[in-house]
Every structure is written in C-alpha cells, then in structure tokens.
Amino acid sequence: MKKISLEICTGSIDSCFEAQKGGANRVELCDNLFEGGTTPSFATIAYAKEHLDLDIMVMIRPRGGDFLYNDIEFELMKQDILTCKNIGVKGVVFGMLTADGKVDKKRTKTLVELAGSMKTCFHRAIDMTEDYFLAGKDIVECGCSRILTSGQRNKALEGAENIAQLQKLYGEKIEIMAGSGVNTENIEELFAKTQLQNYHFSAKRAIAGNMIFRQPNVSMGGKDLSEYDIIQTDAEQVRLMRNKLNILEN
C-alpha cells in the first residue's frame, strides 16, 4: 500500500510548526479559517517557505463566501499564484464555480497553467456543485493534481459513499483527499469506507491568550468567538492521527 498522506489545515505560522512537530506530510496554509480559509499574507507564506521542512499548499481565495469570482478577484488569484510560484512553494489550493453551480473550467485551466510545476488542489468548492461527479470529471480535465472533498455533505464521514465513488471513477487520474470533520475518532471508519491515501485534518484547539486585562463589555470576535482565545493546531492530535494512519498502511 502507498503511504497515506496527512495534510493539516493551518491558520498561522505557529500552527504550521505544530503540524510539523506532529509528523504531518504537508500543510494547507490559510488565513481566516472561520470563513473556510482565505489567502494568507505574503509575509506568512514567505516565512513558512523559509522555516518549514514539510510541503506547503497555499490557499488562493480572495474572500470568504461563495466561489463565483469577479474579474478583479480572478486577477488577484492569478497574482497570488505567481507570488507562490516565485518563492517556490509546493502548491496552491483554489476552486471556482460558475453561477449555475458548475466548475469554471476556463478559469481553472488558466490557474493550473499559471501554476506550472506546482501542485494544484481544487478545494471543497466541488461540494457546492450541482453535479458532483461531473464536477470531478471537469476538474480532472482541467489538469488539477488533487481534489479536497467532503462528498457533498457537511462532514466527510457522512459523504463517504460519494467520496468512494469519486475515487472509483477518477482515482487513477487525480488524488482524492477527504476533509471536513476528519478526526482521530473516525479515521478508521472513513478509511474503511473510502480507501483514500490522502486526509485533511485541522487538529485545532483553543489556547488561552496571555492578556491579563480583559475588557468584559466588548467582544471583537462575535458571540461565539473570543479574542482572548487563540485557535491553533495541536501537535499531539497530529501525532495521534499520524500514528493511526501508519497502522492503516500496514
């Protein structure tokens, strides 16, 4: 059996180091994880490239919300890909749809060509398409290296049947990676149902910040978030997941 790859979704440099410490194969480097991930700053990308020893996949997404982008947003995506290419990161992650819920093949092909030798992952925008399996076919035809998917369900385990079918249809032409709700408690069941070789895991936990004074009357993070908590990847969760995947390989 091929080695099973573990990708950790990270929202900071500290999280990247935790992912590396725990034995991840690569990170998906993002900003704004609570919006599903957007493009991180150039400084963050450059620092990660210089200081990390594992592969870096950079999220190329100019904003939260849907995946129907205007011309200006598309230009930003192209420039961000060129930035990543120029500093030598492993790959980029993106996804674009048309207004009627199909893969935007023309623009996707443009970004794949622009990426050149970099890996290209079409993210969970596939889960928002009108025809999931047609979308998979379109992404393969666009030349992407990998698809990240939850099988058109909120959690990958719920969509395992669809993911397994996508793997059966296109797994010899493109890497299929399961993501969303993947954790150390369900990885054995998810693997049994999909037989995938790639898994996407956040391994996140809340860490109390170091502020001594805490203003009780104002919240900058919304009702469900606190600016006094830092959401960060947990190396121990990554290590436990890596160990479980190692067992499944044998």
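Me: How do strand 6 and strand 7 pair, and over how many bridges?

Reply: Strand 6 (residues 146-149) and strand 7 are parallel partners, with 4 bridges between them. Within that pairing, leucine 148 sits opposite methionine 177 of strand 7. Strands, as DSSP runs of E, need at least two residues, helices are runs of H or I of at least four residues, and both are numbered from the N terminus. Two strands count as paired if DSSP finds at least two bridges between them.

Me: Before we continue, where does the model come from, and which residues count?

Reply: The model is predicted; local features need pLDDT of at least 70 and side-chain atom pairs count only at pLDDT 80 or more, while totals for chains, interfaces and linings use all residues. Residues are numbered from 1 along each chain as its sequence is written, and side-chain values use heavy atoms, with hydrogens and water left out.

Me: Which helix belongs with strand 6 and strand 7 in a β-α-β unit?

Reply: That is helix 6 (residues 160-170), and the unit is right-handed. Right-handed means that, with the strands pointing away from the viewer, the path from the first strand over the helix to the second runs clockwise. Another right-handed β-α-β unit is made by strand 7, helix 7 (residues 187-194) and strand 8.

Me: And how many bridges are there between strand 7 and strand 8?

Reply: There are 2, in the parallel sense, and strand 8 spans residues 198-201. Glycine 179 has histidine 200 of strand 8 as its bridge partner.

Me: What does strand 1 pair with?

Reply: Strand 1 (residues 5-10) pairs with strand 8, in the parallel sense and over 4 bridges. Here serine 5 faces asparagine 198 of strand 8. In total, 8 strands close into a barrel in the order 1-2-3-4-5-6-7-8, with parallel pairing. From one strand to the next, the twist averages 25°, where axes are lines fitted to C-alpha atoms (for helices over the stretch in contact) and angles run from 0 to 180 degrees between N-to-C directions.

Me: Which way do the residues of strand 4 point?

Reply: In strand 4 (residues 91-94), Gly91 and Val93 point one way, Val92 and Phe94 point the other way, and all are buried. In a regular strand, side chains alternate between the two faces of the sheet.

Me: What are the neighbours of strand 4 in the pairing?

Reply: Strand 3 runs parallel to strand 4 and is joined to it by 3 bridges; valine 58 stands opposite valine 92 of strand 4. The crossover from strand 3 through helix 3 to strand 4 is a right-handed β-α-β one. Strand 5 (residues 119-122) also pairs with strand 4 in the parallel sense, over 4 bridges, and cysteine 121 of strand 5 is the bridge partner of valine 93.

Me: Changing topic: what is the volume of the largest pocket, and which residues are closest to its centre?

Reply: Its volume is about 690 Å³. Among the 26 lining residues, Cys9, Leu33, Gly36, Arg124 and His200 are the closest to the centre. On a 1 Å grid over the protein atoms alone, a pocket is an open set of points with protein on both sides within 12 Å along at least five of seven lines, a cavity is a set where a 1.4 Å probe fits but cannot get out, and lining residues have an atom within 4 Å of a point. Points are joined across faces, edges and corners, and a volume is the space filled by probe spheres set on them.

Me: Where is arginine 61 found, and is it buried or exposed?

Reply: Arginine 61 lies in the loop between strand 3 (55-59) and helix 3 (71-87). Arginine 61 counts as buried, at 4% relative accessibility.

Note on methods
Buried means under 20% relative accessible area, exposed over 50%, partly exposed in between (1.4 Å probe, protein chains only).
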